[in-house]
Amino acid sequence: MYLHIGNHKNVRTRQIIGIFDLDTASSSAITRSFIKRKEKEGKTVFAAEEIPKSFVLTDGGTVLFSQISSKRLLGRTEAFSENENDEI
């Protein structure tokens, strides 16, 4: 399954390591340092035309910024999980 994170960007749900609220996570110096390092490595993608509200970390180490809230993104992934369990 794919998760739409905004601005015509999708990510495979099995590649997602975590979905983070940008306001909460960026209050940590470690997280800010991590994001800066990913920017220098060219591993950031902006799926937001407005100020991002969340970011998604993939197993490839890419940070995808989204204008969709982390709560809404998480809700979308939970909906996928429920549907997959019904099919088993």
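The following dialogue examines how features of this predicted model are classified.

Biologist: What is the overall make-up of the protein, and in what pattern do its elements follow along the sequence?

Modeller: The protein holds three helices and six strands. Read along the sequence, they follow the pattern β-β-β-α-α-β-β-β-α.

Biologist: Which strands form the open sheet, and in what order?

Modeller: Four strands take part, in the order β3-β5-β6-β4, and their pairing is mixed.

Biologist: What makes β3 and β4 the edge strands?

Modeller: β3 (16-21) and β4 (44-47) each pair on one side only. On average, neighbouring strands of this sheet are turned by 20° against each other, with direction ignored.

Biologist: How do you know that β4 and β6 pair?

Modeller: Pairing requires at least two bridges between the strands, and four bridges join β4 to β6 (residues 63-66). The two strands run parallel.

Biologist: In what sense do β5 and β6 pair, and over how many bridges?

Modeller: Their pairing is antiparallel and extends over four bridges. L57, for example, has V63 of β6 as its bridge partner. β5 and β6 form a hairpin with four residues between them, and G61 in the turn has a positive phi of about 85°.

Biologist: What makes both faces of β6 count as covered?

Modeller: V63 and F65 on one side are buried, and so are L64 and S66 on the other. For F65, the relative accessibility is 4%, and the limit for buried is under 20%, so F65 counts as buried.

Biologist: Why is T58 called buried?

Modeller: T58 has 8% relative accessibility, which is under the 20% limit, and therefore counts as buried. T58 belongs to strand β5 (residues 54-58). Not counting residues up to four places away in sequence, T58 touches V11, Q15, I17 and L64.

Biologist: Is S70 buried or exposed, and why?

Modeller: The relative accessible area of S70 is 15%; this is under 20%, so S70 is buried. S70 lies in helix α3 (residues 70-87). Leaving aside its neighbours within four places in sequence, S70 is in contact with I19, F20, D21 and S54.

Biologist: Which residues make up the largest nonpolar core?

Modeller: That core has nine residues: L3, I5, V11, I16, A47, V56, L64, I68 and L73. A second, separate core of seven residues includes L22, A25, I35 and F65. In soluble globular proteins, nonpolar side chains tend to be buried together.

Biologist: What does V11 contact, leaving aside its neighbours within four places in sequence?

Modeller: V11 is in contact with M1, Y2, L3, I5, I16, T58 and L64.

Biologist: How many aromatic pairs does the structure hold?

Modeller: The structure holds three aromatic pairs.

Biologist: Why is the pair of F20 and F55 called stacked?

Modeller: The ring centres of F20 and F55 are 5.0 Å apart, within the 6.5 Å limit, so the two rings count as a pair. Their planes stand at 25°, under the 30 degrees required, and the pair is therefore stacked. F20 lies in strand β3 and F55 in strand β5, so the pair ties together parts that are 35 residues apart in sequence.

Biologist: Why is the pair of F55 and F65 called tilted?

Modeller: The distance is 6.1 Å centre to centre, with 50° between the planes. Planes under 30 degrees apart count as stacked and those over 60 as edge-to-face, so an angle of 50° leaves the pair tilted. The pair links distant parts of the chain, with F55 in strand β5 and F65 in strand β6, ten residues apart. Ring pairs link F20, F46, F55 and F65 into a cluster.

Methods: Residues are numbered from 1 along each chain as its sequence is written. This is a predicted model: local features need pLDDT of at least 70, side-chain atom pairs count only at pLDDT 80 or more; totals for chains, interfaces and linings use all residues. Side-chain values use heavy atoms; hydrogens and water are left out. A nonpolar core is a set of buried Ala, Val, Leu, Ile, Met, Phe, Trp, Tyr and Cys residues joined through side-chain atoms within 4.5 Å. Buried means under 20% relative accessible area, exposed over 50%, partly exposed in between (1.4 Å probe, protein chains only). Contact means heavy atoms within 4.5 Å. Axes are lines fitted to C-alpha atoms, for helices over the stretch in contact, and angles run from 0 to 180 degrees between N-to-C directions. Rings of Phe, Tyr and Trp (its six-membered ring) pair if their centres lie within 6.5 Å; planes under 30 degrees apart count as stacked, over 60 as edge-to-face and the rest as tilted.
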